[in-house]
Structure formats: structure tokens, C-alpha cells
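Open your viewer and get ready to select some residues.

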Amino acid sequence: MATMNAQRLTERQQGLAACACLMAQGDLQRLEPAVKTALDGGVTINELKEAFSQLYAYTGFPRSLNALGVLNKVLQENPNANWKEGKPWTRPALWDDADKALKQGTEVQTRLTGRPFDYTFCPQDDYYLKSHLFGDIFAGDQLSAADREIVTVAALSGLDGVAPQLAAHKLGAVNMGNSQQTVDELCQWLDHEGYTLRSRFPKGKPNTAYAQYFINDSYLAPIQPANLSKDDKTMLPLANVTFEPGCRNNWHIHHGAHQILICVSGRGWYQEWGKAPVALQPGTVIDIPEGVKHWHGAQRDSWFQHYTTHVATGGEQSNEWLEPVTDDVYDQLK
């Protein structure tokens with residue numbers, strides 16, 4: 001137990017997780033360099049094949065086959081790379097015995113969930129889970145049970161609408177041999193590195209100029225609208241601001257202009273001093289009056305992006321940065 005609790009997320013696990021998360025989103029452009037990084041970091045070619053094959057059960061055959069296609073492309077374009085093939089693939093003997101696959105799959109599922117699990121509402125899915133997913137698929141010997149749950153948690157972290165399954169597999173990852181510290185670090189790492197950012201809007205570069213006014217990391221991508229006249233002194237520059245999960249700016253006040261927020265991705269918060277917080281989602285537009293003390297940022301479990309601009313109201317324009325939004329205040333938002 002002391003050894004388990006001391007586990008930390010390794011470079012190899014990071015490589016598997018990054019590839020799984022991007023594969024689940026179908027983001028082939030980002031997956032290609034992630035595959036190269038994983039192979040450089042010690043993941044074997046056959047381990048990636050096994051991971052992408054396993055994940056068809058969670059993301060569908062099209063994304064599984066596309067990811068395998070990316071891996072094949074990377075290998076063909078880098079024939080002299082010093083990447084490890086890994087353990088030779090062998091056909092599991094379990095595939096030839098349906099009764100044994102069902103029995104072994106039931107045992108694996110019980111270990112993963114921590115108790116016997118029977119999905120009597122739909123016997124078909126109950127059989128598929130036991131016999132095929134936890135039987136046939138888990139019978140492969142390229143990845144350990146602990147590795148498989150790292151891969152699964154990472155993939156589910158990249159998908160919308162699977163919160164119950166993600167929560168279950170976070171617990172299952174511990175039951176299959178990972179420490180709680182490793183699982184927590186995995187989820188934090190995926191968020192911080194941007195792998196769970198599911199958006200077609202630009203993330204931009206680290207917002208270092210204003211980092212002192214933010215808790216956690218934000219990113220800035222300047223936007224130049226095609227119809228914005230350079231002679232228009234009323235509308236100020238437009239930018240896309242990206243907040244990592246849990247990131248928020250300090251309380252602040254705009255002078256000489258009112259600010260407009262156009263929410264485009266993820267979930268966030270906006271709050272004016274003395275008023276209840278407002279939950280933000282794509283399509284929400286917030287017009288912040290001049291002189292009003294406020295803050296905005298991401299919700300704890302979601303990336304958040306908004307376009308922002310300012311409309312001049314006359315007089316000298318400035319931002320008055322005030323105190324941070326403390327954890328005591330932020331953690332109460334639901």
C-alpha cells in the first residue's frame with residue numbers, strides 16, 4: 001500500500017493518456033504529434049495499438065480506426081525512428097472459449113467496480129460488457145489492468161455527456177492498481193495541458209501580462225474582426241480569453257468603457273459585487289456596465305472561453321484590479 005500511495009504519473013502514462021484523450025475527441029491534427037511524443041517517452045508501438053483498439057468500446061470504431069491510421073502514418077513517415085515495437089502481439093486463447101470469456105470478464109468487472117454488477121435492465125449490454133469488453137478486450141497482454149484504466153479515464157475526460165462513466169472509471173482506476181494520487185494527477189494534468197479543452201476556438205498564448213490578476217492559468221488570442229474599422233475609436237480590440245478549469249480573474253472595475261463578454265465554449269461564472277453569480281455557457285452574452293465591480297472565469301470542472309471587447313463611454317479608460325476571488329467564495333458556487 002505504501003508503494004501504491006507513492007506512485008506518480010510517469011512520462012509513459014502521460015503519453016498514453018494524451019493519445020487516448022485526443023483520439024476520443026477525434027482530433028487527428030493534435031493526435032499526430034502526441035503519438036510521436038508518446039513513442040519518444042517510452043510507450044511501445046504495440047501498446048498504442050492495444051490502447052486505440054480497446055477504446056473502440058468507448059468511442060466507436062470510426063475514431064479507433066482513425067487513430068490507428070494516424071499511428072500507421074507516423075511510423076511510415078519516420079522509418080528510422082528509434083521507437084520500440086514492444087512485446088509481440090499474440091492472439092488471446094480466451095477468444096476461443098466464450099464461456100471462459102464471460103467468466104473471466106465477470107471477475108474483471110467485479111474487481112473494477114468493487115462489487116458484482118449486473119445490468120438486468122438490458123441483458124444484451126450486460127453480456128457485451130462482461131464477455132467482450134472485460135473478457136475479450138481485457139485478455140490482451142500489451143497493457144496492464146492499471147494501464148487500461150489510465151487510458152479509459154483519459155478518453156472519457158475528452159468526451160461530453162459521459163460524466164457518470166468517467167466518475168465510475170476514476171474509482172475503477174484505483175481498484176485496478178493505480179493510486180488515488182495518480183488518478184487525481186492524471187485528471188489535473190489533462191486539464192492543465194489543454195487536452196480536455198474541447199473547442200474549435202483559438203486557445204492563444206499564456207496570458208502572462210495579466211497573470212498577477214488571475215488565479216490559475218489563462219490564455220489570450222487577439223481577434224481582428226473583418227468588419228472592424230481602424231478609424232472606429234468606440235469599439236476596442238476583440239480577444240478570445242481561455243480559462244483553464246478553476247481559473248478566474250480578480251474582482252475588477254472598468255473605467256471609461258463597458259465590457260462585453262460573448263461566451264463561446266465550456267462553462268463559466270460571472271458575478272457582480274453584492275449580486276448572485278451567473279452561470280455562463282456558449283451563447284450567453286454579458287454587458288458589464290462601466291464602474292461595476294465584478295469577476296468572471298471558468299467553473300471548477302470545465303474549461304471556459306469567451307470573446308471580450310470594450311465599448312468606450314468617454315473619459316480616460318483603465319482597469320482597476322482589486323482583491324482575488326478567494327477559494328472560500330469560489331468553492332461555494334454551484
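Which residues of helix 7 meet residues of helix 8? Keep in mind that this model is predicted.

**Stop 1: helices 7 and 8**

Select residues 98–113 for helix 7 and 123–136 for helix 8. From helix 7, pick Ala98, Ala101, Leu102, Gln104, Gly105, Thr106, Val108, Gln109 and Leu112. Their partners in helix 8 are Tyr127, Leu129, Lys130, Ser131, Phe134, Gly135 and Asp136. By type, the residues of this contact are eight nonpolar, six polar and two charged.

Now look along the axes of helix 7 and helix 8. They come within 7 Å and cross at roughly 90°. Helix 7 is therefore roughly perpendicular to helix 8.

**Stop 2: helices 4 and 6**

Next, select helix 4 (residues 45–54) and helix 6 (residues 61–77). Here the axes come within 8 Å, and the crossing angle is roughly 165°. An angle over 145 degrees counts as roughly antiparallel, so helix 4 is roughly antiparallel to helix 6. The crossing of helix 4 past helix 6 is right-handed.

Show the side chains. On helix 4, find Ile45, Leu48, Lys49, Phe52 and Ser53. They meet Ser64, Ala67, Leu68, Leu71 and Leu75 in helix 6. Colour the contact by type: seven residues are nonpolar, two are polar and one is charged.

Why might contact residues in a helix be spaced three or four places apart? An α-helix has 3.6 residues a turn, so residues three or four places apart point the same way.

**Stop 3: helix 11**

Select residues 180–192, which form helix 11. Try the distance tool on its end C-alpha atoms: they are 18 Å apart. That agrees with expectation, because 13 residues at 1.5 Å a residue should span 18 Å.

Which residues of helix 11 are buried? They are Thr182, Val183, Glu185, Leu186, Cys187, Trp189 and Leu190. Among the elements covering them are helix 2 (11–25), helix 9 (145–157) and helix 10 (163–175). Then step past the helix to glycine 194, which follows helix 11 and has a positive phi, near 85°.

**Stop 4: serine 318**

Last, select serine 318, which lies in strand 13 (residues 318–321). Is serine 318 buried, exposed or partly exposed? Its relative accessibility is 33%, so serine 318 counts as partly exposed. Beyond its neighbours within four places in sequence, serine 318 is in contact with Ile253, His254 and His255. Finally, draw a line from serine 318 to aspartate 331. These residues are 13 apart along the chain, and their C-alpha atoms are separated by 30 Å.

Definitions and conventions:
Residues numbered from 1 in each chain as written. Predicted model: local features only at pLDDT ≥ 70, side-chain atom pairs only at ≥ 80, totals over all residues. Heavy atoms only, no water. Helix = DSSP H or I, 4+ residues; strand = E, 2+ residues; numbered from the N terminus. Buried < 20%, exposed > 50% of the residue type's maximum accessible area, 1.4 Å probe, protein only. Contact = heavy atoms within 4.5 Å. Axes fitted to C-alpha atoms, helices over the stretch in contact; angles between N-to-C directions. Parallel < 35°, antiparallel > 145°, perpendicular 65-115°, else oblique. Left-handed = near helix turned anticlockwise from the far one by under 90°. Nonpolar A, V, L, I, M, F, W, Y, C, P; charged D, E, K, R; others polar. Expected span 1.5 Å × (residues − 1).
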